[in-house]
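The tour below goes from one selection to the next.

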Amino acid sequence: MCGIFGITDHKDAARLAYLGLYALQHRGEESAGIVTSSPSGTHSHQGMGLVADIFDEKAVRMLKGSIAVGHVRYSTTGSSLERNIQPFLVTHKKGHIAIAHNGNFTNTVELRGKLEGSGSIFQSTMDSEIIVHLIAQVNVKDYKERIVQALLPLEGAYSLVMMLDNILIGARDPYGFRPLCLGKFNGSYVLASETCALDLIQAEYVRDIEPG
């Protein structure tokens, strides 16, 4: 199932992401991770096991920044290994990208074969990594158009939360098979798999992200 969470424009983003993942723990108990972004760069903490066991006070404080994405994993495509823990974080010429993904692509083999044929080198066995390579290959300056073009080839059921440097993006498949909702917390926007994550941090539910 997997649980995903994102928050932007909040001074305590990492702590709220931790609480959000704690509320979503029932969606995946294999691993968990949080990535944040600050002016000094990106910060990541992740591990195998439960949220409460992976994140202590020291770990949360080390995750500086006002934007955060988090993930709890229930593996489907890709084995339950440390290298498959999400959010998946990469650095390339277009900046830092962190992706937390829920769902499966039905054309994974086809897309991965094409990407590897054009020179892409994969670090994991997750289909989530395909998104990163698709984004890297789109040569468009506008980040919104870049994401739209990168997601177009994907087929299947998915929802995802992405961090592009200091920008938070949420997306769902065209049929809305996987859940993703939008909330607000003291002026900050929140994305989560389920409203229980909003309830725990006392955020206001705004609406579900529309399919596509």
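Start by selecting Leu134 and whatever surrounds it. Setting aside residues up to four places away in sequence, Leu134 touches Leu115, Ala150 and Leu154. The model is a predicted one. Leu134 belongs to helix H5, and its relative accessible area is 11%, below the 20% cut-off, so it is buried.

Now extend the selection to the whole of H5, residues 129-137. How many of the nine residues of this helix are buried? Seven of them are, so H5 is largely enclosed by the rest of the structure. The buried residues are Glu129, Ile130, Ile131, Val132, His133, Leu134 and Ile135. To see what they pack against, show strand S5 (88-92), strand S6 (95-105), helix H4 (108-117), helix H6 (143-151) and strand S7 (156-164).

Next, go to the nonpolar cores. The largest has 28 residues, and those touching the most other members are Phe5, Ile7, Ile34, Val51, Phe55 and Val190. Helix H1 gives the most to this core, with seven residues.

Select Leu24 next, in the loop between H1 and S2. Is Leu24 buried or exposed? Its relative accessible area is 0%, so Leu24 is buried. Beyond its neighbours within four places in sequence, Leu24 is in contact with Gly3, Ile4, Phe5, Val72, Ser193, Glu194, Cys196 and Ala197. One of these contacts, Phe5, is also listed above for the largest nonpolar core. For a distance check, pick Ile34: Leu24 and Ile34 are 10 residues apart in sequence, with 13 Å between their C-alpha atoms.

Switch to a cartoon view for the sheet. Seven strands form an open sheet in the order S3-S2-S4-S1-S10-S9-S11, and the pairing is antiparallel. Which strands stand at the edges? They are S3 (41-48) and S11 (204-208); each has a single partner strand, so one side of each is left without a neighbour in the sheet. From one strand to the next the twist averages 15°. Zoom in on S3 and its partner S2 (residues 31-38), which pair in the antiparallel sense over eight bridges. At this pairing, Ser38 stands opposite Gly41 in S3.

The last stops are backbone details in loops. Select Gln86 and Pro87: the peptide bond from the former to the latter is cis, with omega near 0°. Pro87 sits in the loop between strand S4 (67-73) and S5.

Then select Asp9, in the loop between strand S1 (3-8) and helix H1 (13-23). Asp9 is not a glycine, yet its phi is positive, about 65°. With 55% relative accessibility, Asp9 counts as exposed.

Finish at Gln202, in the loop between helix H7 (195-201) and S11. Phi of Gln202 is near 65°, again a positive value in a residue other than glycine. Gln202 has 70% relative accessibility and counts as exposed.

Methods. Residues numbered from 1 in each chain as written. Predicted model: local features only at pLDDT ≥ 70, side-chain atom pairs only at ≥ 80, totals over all residues. Heavy atoms only, no water. Buried < 20%, exposed > 50% of the residue type's maximum accessible area, 1.4 Å probe, protein only. Helix = DSSP H or I, 4+ residues; strand = E, 2+ residues; numbered from the N terminus. Contact = heavy atoms within 4.5 Å. Pairing = 2+ DSSP bridges. Axes fitted to C-alpha atoms, helices over the stretch in contact; angles between N-to-C directions. Core = buried A, V, L, I, M, F, W, Y, C linked by side-chain atoms within 4.5 Å.
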